[in-house]
Amino acid sequence: MTEAPLVQGWCPGALRPMLSGDGYVLRVRPRLGRLSADQAAGVAALALAHGNGLIDLSARANVQLRGVRADSHAPLIAGLRALGLIDDSVAQESRRNIVVQPFWGDSDPTLAIAADLTAALAAPDAPDLPGKFGFAVDCGLRRVLDGTAADIRLTRQGDQLVLRAEGSFRAKVVSPDTAAAEALALARWFLAMGGVTQGRGRMAALMARGVALPEGFTLETPVQAYDAAPGACAQGQLVGFEFGQMQAETLAALARLGALRVTPWRMLLIEGATQAPALPGVISDPASPLLRVIACTGAPGCTQALQPTRALARALAPHLSVPLHVSGCAKGCAHPGPAPLTLTATVEGFALIRDGTAADMPLSTHSMADLIARPDILTE
Ligand code: SF4
């Protein structure tokens with residue numbers, strides 16, 4: 001038997017934290033997807049002073065402080081504000097839902113466009129978008145964010161800069177100067193076409209209703225797959241973390257190496273680093289089995305979890321040849337899309353789902369002990 005998870009329809013922010021099993025979860029959205037070394041060190045110190053010292057990286061390139069006490073919220077916000085990491089209002093924070101591809105360089109317009117979009121979304125006349133509605137700015141030489149959740153994408157097709165609505169492969173050619181304004185015009189169109197019901201709505205759901213895009217969306221733009229892996233890149237070193245979580249001390253140590261770009265793959269890009277740091281909890285081996293498993297907080301950290309998740313994921317990781325998502329309930333927060341293998345916690349154990357999401361119909365249900373004793377159950 002599964003229990004229907006509570007759907008909040010919004011994500012935690014810094015100004016509007018969400019209560020979880022281990023205290024409040026407070027989500028920081030680094031501007032342009034980057035923490036300066038001082039900001040990263042400051043976040044680490046604040047996580048220790050006001051939370052339980054655990055820091056998560058989210059699938060939308062945000063940084064979450066866990067275990068925050070209610071009476072710590074005000075001083076924590078003051079500390080984050082001093083670091084330049086807090087918006088003026090909950091509405092501004094909620095709208096500034098932008099994932100920036102982390103491999104930007106001087107020769108591509110990604111950063112400038114993301115800055116324009118950030119400013120436009122902070123303006124008083126910015127569209128009032130639903131909480132989970134987001135943008136991806138992916139204008140480097142290679143597209144890397146097609147697998148990252150977003151409703152409006154500024155990306156590249158061949159040598160052209162294009163705007164695309166999630167759920168459609170037809171894109172509109174834009175220029176670096178008009179990109180942010182065109183993205184906001186598409187967001188306003190989404191609202192005008194009735195994309196929001198009772199405060200919720202996503203672009204893909206609107207497109208699935210067969211709504212025709214405005215004029216100009218004619219360029220075929222197929223999705224491009226990208227698999228992120230730890231290792232060296234032109235901008236520095238990409239490093240991963242078990243379940244995208246680290247101790248504040250690890251973040252403090254990474255901050256001593258340079259500025260950090262936050263990625264939607266639960267990895268950090270250490271700007272300018274020439275080798276991966278040997279730090280506890282840092283994954284630098286692209287073949288690490290731990291990169292094949294995704295698991296949400298699970299019990300007891302999340303009040304909605306029906307089972308613990310991470311011990312099982314850790315135990316099964318060495319036996320996997322394809323990615324496995326272990327979810328504490330059918331909500332599937334850690335990986336909302338389909339995965340080759342998913343184990344969704346139920347009251348009795350774990351439901352096994354192939355090529356589906358955490359909420360899809362299971363093939364069978366197994367206890368944690370059985371799965372650990374016989375991991376071949378997953379591939380039978
Ligand atoms: S998927 Fe995991 S983190 Fe999300 S609500 Fe369910 S148990 Fe909690």
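Author: Helix 7, which runs over residues 248–255, is mostly covered, since 6 of its 8 residues are buried. In this predicted model, the buried residues of helix 7 are A248, T250, L251, A253, L254 and A255.

Leaving aside residues up to four places away in sequence, L251 touches A40, V43, A44, I55, M246, L260 and L268. L251 also stands out in the largest nonpolar core, which has 43 residues and in which L80, L251 and L268 are the ones that touch the most other members. The largest share of this core, 5 residues, is supplied by helix 1, which covers residues 37–50. Apart from this, there is a second, separate core of 32 residues, and I113, L163, A165 and L206 are among its members.

The chain contains 9 helices and 22 strands, and among its contacts between residues at least 6 apart in sequence, 61% join residues that are at least 24 apart. The radius of gyration of the chain is 20 Å, which agrees with the value near 21 Å that a compact globule of 380 residues would have. Taken along the principal axes, the C-alpha atoms fill a box of roughly 55 × 45 × 40 Å.

The domain assignment divides out domain 1, at 92–220, and domain 2, at 289–378, and the C-alpha centres of these two domains lie 32 Å apart.

Q224 counts as partly exposed because its relative accessibility is 34%, a value that lies between the 20% limit for buried and the 50% limit for exposed. Not counting residues up to four places away in sequence, Q224 touches R143 and D146.

Lastly, there is the ligand, around which lie C296, C302, Q304, A305, S327, G328, C329, K331, G332 and C333. The residues of this shell divide into 5 nonpolar, 4 polar and 1 charged.

Methods
Residues are numbered from 1 along each chain as its sequence is written. This is a predicted model: local features need pLDDT of at least 70, side-chain atom pairs count only at pLDDT 80 or more; totals for chains, interfaces and linings use all residues. Side-chain values use heavy atoms; hydrogens and water are left out. Domain bounds come from an automatic or database domain assignment. A residue is near a molecule or strand if one of its heavy atoms lies within 4 Å of it. Ala, Val, Leu, Ile, Met, Phe, Trp, Tyr, Cys and Pro count as nonpolar, Asp, Glu, Lys and Arg as charged, and the others, Gly among them, as polar. A nonpolar core is a set of buried Ala, Val, Leu, Ile, Met, Phe, Trp, Tyr and Cys residues joined through side-chain atoms within 4.5 Å. Buried means under 20% relative accessible area, exposed over 50%, partly exposed in between (1.4 Å probe, protein chains only). Helices (H or I, at least four residues) and strands (E, at least two) are DSSP runs, numbered from the N terminus. Contact means heavy atoms within 4.5 Å. The radius of gyration is taken over C-alpha atoms; the globule rule is 2.2 Å times the number of residues to the power 0.38.
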